[in-house]
Amino acid sequence: MTTVLDPTNESTPATIERARRPASLAGLTVGLLDISKPRGNVFLDRVEQRLVSLGSTVKRYKKPTFTKPAPVDLRHQIAIECDAVIEALAD
Amino acid sequence: MTPPLPPGLVAFVKRDCETCKLVDPLLGQLGAAEPLTVYTQDDLAFPASVSALDDRNLEMSWHHDIETVPTLIRVGADGIEEERIVGWSRDQWQAFTGNIELGMTLPEFRPGCGSLSVDPSRSDELNARMGGSGLATRRVDFAELEDDFEAMYDRGWSDGLPLVPPTEARVLRMLEGTTRAPDDVVANVPPDLVDVTVEKIAVNAVMAGCKPEYLPVVIAAIEAICTDEFNIHGLLATTMSVGPVFVVNGPIRNQLGMNSGINVFGQGNRANLTIGRAVQLVVRNVGGGRPGGVDRAAQGSPAKIGLAFPEDEEGTPWISLAEERGIAAGVNAITALCVEGPRLIVDQLSRSPESLTNTLAECLMTTHSKRMVAGIDALLVLSPEHMARYVEAGWDRARFRSELEARLMVNTDDIIRGTGGIEEGLPAEFAGKQLPKFRPGGLHIAHAGGPAGLFSSVFAGWVSGPTGSVAVTKEITP
């Protein structure tokens, strides 16, 4: 981890705030990110059914490998195409 | 707080030192005779004759000012250091330990080696880690998955170009460039009107890519622009495409390796580019002046990224820009001007000073618009080949100025609104007058450029005088 000295006038928080959480997923586009662990697709298939029944539009994405962070292009694609994202973290 | 040394004998050693290896067996002997604590800087298996405490993080070495290994220290029962010796000298070690048989088979004398705690490649990091740097600036931790350079872009600190991460060690090194205290307030920076300290300027100077020796120039530049006369707030807020451009005079130009020659306004010289950039980063990050925020320039200018260039003082017998503005010869100074980028003035055929002056005047007349009079200042930078015309003819700066200004009188009949099919111009009541293109004192003259090329440049300004921006010159002090 790199620690640097703040070059600004320090009038704003140093930490980046989390994105606002939507009150409801109805009508929103939700991305489902499969990290490529075995059977992640089974879990996400079920999540997709539930989301669709809530009125969400679902888009599916997949990381090339679970061993590395998602490529920046994939993260960017999800950020511009979706209102929210759910990541299947484990087996 | 300094961690105490244990009572008895204390030794600091490293394996990567022939003298330490030489005295290794002696440490075993000493340890058998009285309490001995050995700190090893690089290898826990060294010395072989006695077990050692781990000082690979160099904490004890740093706190106890170990400059040489081996260092042998005698510490009293109260934990206070009584005496120390460094390197190997048989007489010294025998006297120090009271053992007159010690090391009889060894050579009489061997100098020690440098302690790792003063190794130049580590000392900045150690000073930052151990020293309680005293720096007041808030720390920002980047996350593990963040790329340092992307993280700085993401936080909005960049002018669009990559920044050097302002780590504590780099900022401490930058502060070595000035004798001023880190908490010394340099100026109050518009538009947010925030007091800026030497330390905060140093943080931005690191990011801009400055060397420590540039820092006094950056500080003087900040002092110059954060004055009521220079009016950096107005310069930001205007929709005109001007920025602060700096001219450096005095011996510091050459000490910093600044370029006053070929491509003087262009790329290729670290000091020319990073000094002005550091100033603009302070305006952005400390003052809060950002494009689209308070900075409303309609088109902007590449010169706004940062431009500080030195005058070529050696290439002309004329007094310098700073001298003309009241600074003594040989004194380091920086002049801040509120101007657009440079614009070429071409005259390849004039051989007489009169002819060349006519061309310069004709071009200067058109800065911003032929119809703008007495409203803006300008900086004329003569190239060496143009300067030569005047030097050969024996014109000095004062003669040149008076000849040029005499040619810069505007007949207002030519620029009344509606004349020449142009709606822009002066109101009709100004007809029948002779007005100067530039107000008195509004035309600045400097000398810079490569040895070949019959081209000079003009940087045109913004609203001049007390309601706009006035050039400000500050001495550069250490």
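**View 1. Strands β13 and β14 of chain B.** In this predicted model, strand β13 (residues 243-249) of chain B runs parallel to β14(B), and four bridges join them. Helices (H or I, at least four residues) and strands (E, at least two) are DSSP runs, numbered from the N terminus; two strands pair if DSSP finds at least two bridges between them. B:Phe246 has B:Ala308 in β14(B) as its bridge partner. Residues are numbered from 1 along each chain as its sequence is written, and chains are lettered from A in the order in which they are written. Local features need pLDDT of at least 70, side-chain atom pairs count only at pLDDT 80 or more, and totals for chains, interfaces and linings use all residues.

**View 2. The two faces of β14(B).** In a regular strand the side chains alternate between the two faces of the sheet. In β14 (residues 307-310) of chain B, B:Leu307 and B:Phe309 lie on one side and B:Ala308 and B:Pro310 on the other, and all are buried. Buried means that 20 or more other C-beta atoms, placed from the backbone, lie within 10 Å of the residue's own.

**View 3. Helix α11 of chain B.** This helix (residues 270-285) has 16 residues and reaches 21 Å from its first C-alpha to its last, close to the expected 22 Å. The expected span is 1.5 Å times one less than the number of residues. Of the 16 residues of α11(B), 15 are buried.

**View 4. Chain B against chain A.** Twelve residues of chain A are in contact (C-beta atoms, placed from the backbone, within 7 Å) with 25 residues of chain B. The elements of chain B that give two or more residues to this side include β10 (139-141) and α11. Strand β1 (residues 3-5) of chain A pairs with β10(B) in the antiparallel sense over three bridges, with A:Val4 opposite B:Val140.

Methods
Buried ≥ 20, exposed ≤ 12 C-beta atoms within 10 Å, placed from the backbone. Contact = placed C-beta atoms within 7 Å.
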